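Welcome, and thanks for taking a look. Please have your viewer ready and keep the sequence at hand.

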Amino acid sequence: MGYIYHGSTISNLKVIEPNSSTQAGSYVYGSPNYLVAVIFSIIQKTDKPFPLKFGWDKDENFYLAERFPHQFDSINNISSSIYTLSENDFKAFSNHSAGNNIELRTDKVQMVLKEDKIENALEYLRQHNVCLYPYSEREKVGIPHSDNYMVQGVLRTYTWKIEDNSTDSYLLAQNHLDYCKSALPQYANLIDYYADIINRLPKDKRELFVDCLYDKQKERFDRNAIKKFLKENKIDINKNKSYSKKLVPHGFCFYMLLGIISIVGLVFFTLLIRTI
């Protein structure tokens, strides 16, 4: 029997249950690579909305790289548990996968076969010859010098979060945008603008639209490609409202109802005074 490794900052688990993810569904994720499991145990604990990048560099060395300054500082001294699971239920997935079967998933509850506790996950990676690239050296592993490309990443995750078209998903997606805008304030207006276009698109066109946003070679947004995409797909974002789904601001319905009640109460009170 083969094994899959699942990394977590939560210790002493006996079962691993599927949890919601950016990929429209609830899954247990794991990897046949032990070091990848260690990375996944800490990768989402950084203080920015984009995880550290990992993979193999041009010299075939396994690496972990910062997308923002000081991300390594925010995960230093984090302890992890690496759980050994049976490989039986795990499968590769094509959409949004890390590729090369390095990340697998299942929608079934998994029994823990073994738990390894690691006191300092980042130090463990150093000791096992994982190359750590700081933000200043990010271009060595293909991370663009400009931060523009991260807007595309924000919007791609946004499209995944709204796939089921539920109100809850839209609110969660809006939370994601708000968080990303706080981390990238210089792009806040642009993120809102493109998110509004995505809301107006048919479901099967959303990710295609995100694909055409950014020109990797020129490291900038490709407005001509965006216009071409909308024209080729006969999508008029100014007129076609049938695909739009308005995001409800937090507390909007509550405050609207409170306002209506207040107005009605004020009118009633005024009439009551006049009659007296």
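## Overview

Please keep in mind that this is a predicted model. The protein chain contains 9 helices and 13 strands. Of its 276 residues, 44% are buried. If you count contacts between residues at least 6 apart in sequence, 72% of them join residues at least 24 apart.

In soluble globular proteins, nonpolar side chains tend to be buried together. Here the largest nonpolar core has 37 residues, and the members touching the most others are Leu155, Tyr158, Tyr194 and Phe209. At least two residues of this core come from each of strand 6 (62-65), helix 4 (149-161), helix 5 (167-183), helix 6 (188-200), helix 7 (206-211) and helix 8 (223-232). There is also a second, separate core of 23 residues, with Tyr5, Val36, Val38 and Phe54 among them.

Beyond its neighbours within four places in sequence, leucine 155 contacts Ile191, Tyr194, Ala195, Ile198, Val210 and Leu213.

## Helix 4 against helix 5

How do helix 4 and helix 5 run relative to each other, parallel or antiparallel? Their axes come within 9 Å and cross at roughly 165°. Angles over 145 degrees count as roughly antiparallel, so helix 4 and helix 5 are roughly antiparallel to each other. The crossing of this pair is right-handed.

From helix 4, Val154, Thr157, Tyr158 and Lys161 take part, and they meet Ser169, Tyr170, Leu172, Ala173, Gln174, His176, Leu177 and Cys180 of helix 5. Tyr158 is also one of the residues touching the most other members of the largest nonpolar core.

## Helix 5 against helix 6

Helix 5 also packs on helix 6, at an angle of about 155° and with the axes 9 Å apart. Helix 5 and helix 6 are therefore roughly antiparallel to each other. Helix 5 passes helix 6 in a right-handed crossing.

On the helix 5 side the residues are Tyr170, Leu177 and Lys181, which meet Ala188, Ile191, Asp192, Ala195 and Asn199 in helix 6.

## Cysteines

How many disulfides does the model have? The count comes to 0. Looking at individual cysteines, cysteine 131 is partly exposed, with a relative accessibility of 26%. Cysteine 212 has a relative accessible area of 16%, and because the cut-off for buried is under 20%, cysteine 212 counts as buried.

Most residues other than glycine have a negative phi. Asparagine 12 has a positive phi, near 65°, and lies in the loop between strand 1 (3-8) and strand 2 (15-16). Its relative accessible area of 48% makes asparagine 12 partly exposed. Asparagine 129 likewise has a positive phi, of about 65°. You will find asparagine 129 in the loop between helix 3 (121-127) and strand 11 (131-133), and at 65% relative accessibility asparagine 129 is exposed.

Asparagine 224 sits in helix 8 and is exposed, at 61% relative accessibility. Between asparagine 224 and leucine 213, the C-alpha to C-alpha distance is 9.3 Å, with 11 residues separating them in sequence.

Note on methods
Residues numbered from 1 in each chain as written. Predicted model: local features only at pLDDT ≥ 70, side-chain atom pairs only at ≥ 80, totals over all residues. Heavy atoms only, no water. Core = buried A, V, L, I, M, F, W, Y, C linked by side-chain atoms within 4.5 Å. Buried < 20%, exposed > 50% of the residue type's maximum accessible area, 1.4 Å probe, protein only. Helix = DSSP H or I, 4+ residues; strand = E, 2+ residues; numbered from the N terminus. Contact = heavy atoms within 4.5 Å. Disulfide = S-S within 2.5 Å. Axes fitted to C-alpha atoms, helices over the stretch in contact; angles between N-to-C directions. Parallel < 35°, antiparallel > 145°, perpendicular 65-115°, else oblique. Left-handed = near helix turned anticlockwise from the far one by under 90°.
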